[in-house]
Amino acid sequence: DGFPENLTVFYTGSRFYASVTDQSADCTSWASSDCISWTQESGVFYDSDYAKSFCSGLGYLYAITTVGACTYSTDDGATWTEHPTLTASKDVGGMVLSNGTLVAFGDIGGVPYIYRSTDGITFSESAFQFVFNGSPLIISVISGAVVITDSGGFYYTSTDDGASWDTNLDSSGYLKLRSAYGGGYTITMDT
């Protein structure tokens, strides 16, 4: 009943889905087909946890929460189930759909990982061993490539939907990416 502290909105293709946390740390979930009238939905979150990002693909809607859990819905957000592999212990950072493959990333105790799925439920870990220079921050699809950035200024790209990765550095060995745009996403990094 206070002003929103955190708000994440996602368009599923048929309706808008919002995760809202107010000043008293209460989290609620809302849905709307027109952004004018909203209906409160069952939550995907725990206590004061809320969705920091959403992803849609392979017949599922996914919510990545601030505690690093991944929940999914098969009914456009009406009900939610915690994913059996991408749990809070995996500290999931984000997920994208790239050419029919879901690509998720996270950081377990300082060890980064990539998980991939072509059915939306069964995820397998990528063989590529990341050495992030800081915490992984953002995953996006830009001009057909999956891009992951980290807080230390490095970024990695995959042109085969997360199966293999290239480390991208400038000639001095440090990232000079300031912002990139593609597929409706914008990434901005301070260098």
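Visitor: What makes the side chain of Ser-117 and the backbone oxygen of Thr-122 a polar contact?
Guide: This is a predicted model, and in it the Ser-117 side chain comes to 2.9 Å from the backbone oxygen of Thr-122. The cut-off for a polar contact is 3.5 Å between N or O atoms, so the pair qualifies on distance. The side chain of Ser-117 also reaches the backbone nitrogen of Gly-120, at 2.8 Å.

Visitor: How do you know whether Ser-117 is buried or exposed?
Guide: Buried means under 20% relative accessible area. Ser-117 has 2%, so it goes down as buried. Ser-117 sits in strand S11, which covers residues 111-117. Leaving out residues up to four places away in sequence, Ser-117 touches Leu-58, Gly-100, Thr-101, Leu-102, Thr-122 and Phe-123.

Visitor: On to charges. What makes Arg-15 and Glu-41 a salt bridge?
Guide: Their closest N and O atoms are 3.2 Å apart, and the limit is 4 Å, so the pair counts as a salt bridge. Arg-15 lies in the loop between S1 and strand S2 (16-22), while Glu-41 is in strand S4 (residues 39-41), so this pair ties together parts that are 26 residues apart in sequence.

Visitor: Which other residue forms a salt bridge with Arg-15?
Guide: That's Asp-76, with closest N and O atoms 3.5 Å apart. Asp-76 is in the loop between strand S7 (70-73) and strand S8 (81-82), and Arg-15 is in the loop between S1 and S2, so here the parts tied together are 61 residues apart in sequence. A search of the whole structure finds 2 salt bridges, and Arg-15, Glu-41 and Asp-76 are linked in a network.

Visitor: What makes Leu-7 exposed?
Guide: Exposed means over 50%. Leu-7 has 53% relative accessibility, so it counts as exposed. Leu-7 is found in strand S1 (residues 4-11). Together with Val-9 and Trp-38, Leu-7 makes a nonpolar surface patch of about 280 Å².

Visitor: And the chain as a whole: how many helices and strands does it have, and how much of it is buried?
Guide: There are 0 helices and 18 strands. Of the 191 residues, 47% count as buried. The chain exposes about 9300 Å², and carbon and sulfur atoms supply 49% of that.

Notes: Residues numbered from 1 in each chain as written. Predicted model: local features only at pLDDT ≥ 70, side-chain atom pairs only at ≥ 80, totals over all residues. Heavy atoms only, no water. Patch = residues over 30% accessible without salt bridge, like charges linked within 9 Å, V, L, I, M, F, W, Y side chains within 5 Å. Areas by Shrake-Rupley, 256 points an atom, 1.4 Å probe, with all protein chains shown as cover. Salt bridge = Lys/Arg side-chain N within 4 Å of Asp/Glu carboxyl O. Helix = DSSP H or I, 4+ residues; strand = E, 2+ residues; numbered from the N terminus. Buried < 20%, exposed > 50% of the residue type's maximum accessible area, 1.4 Å probe, protein only. Polar contact = N/O pair within 3.5 Å; in protein donor to acceptor, adjacent residues only side chain to side chain. Contact = heavy atoms within 4.5 Å.
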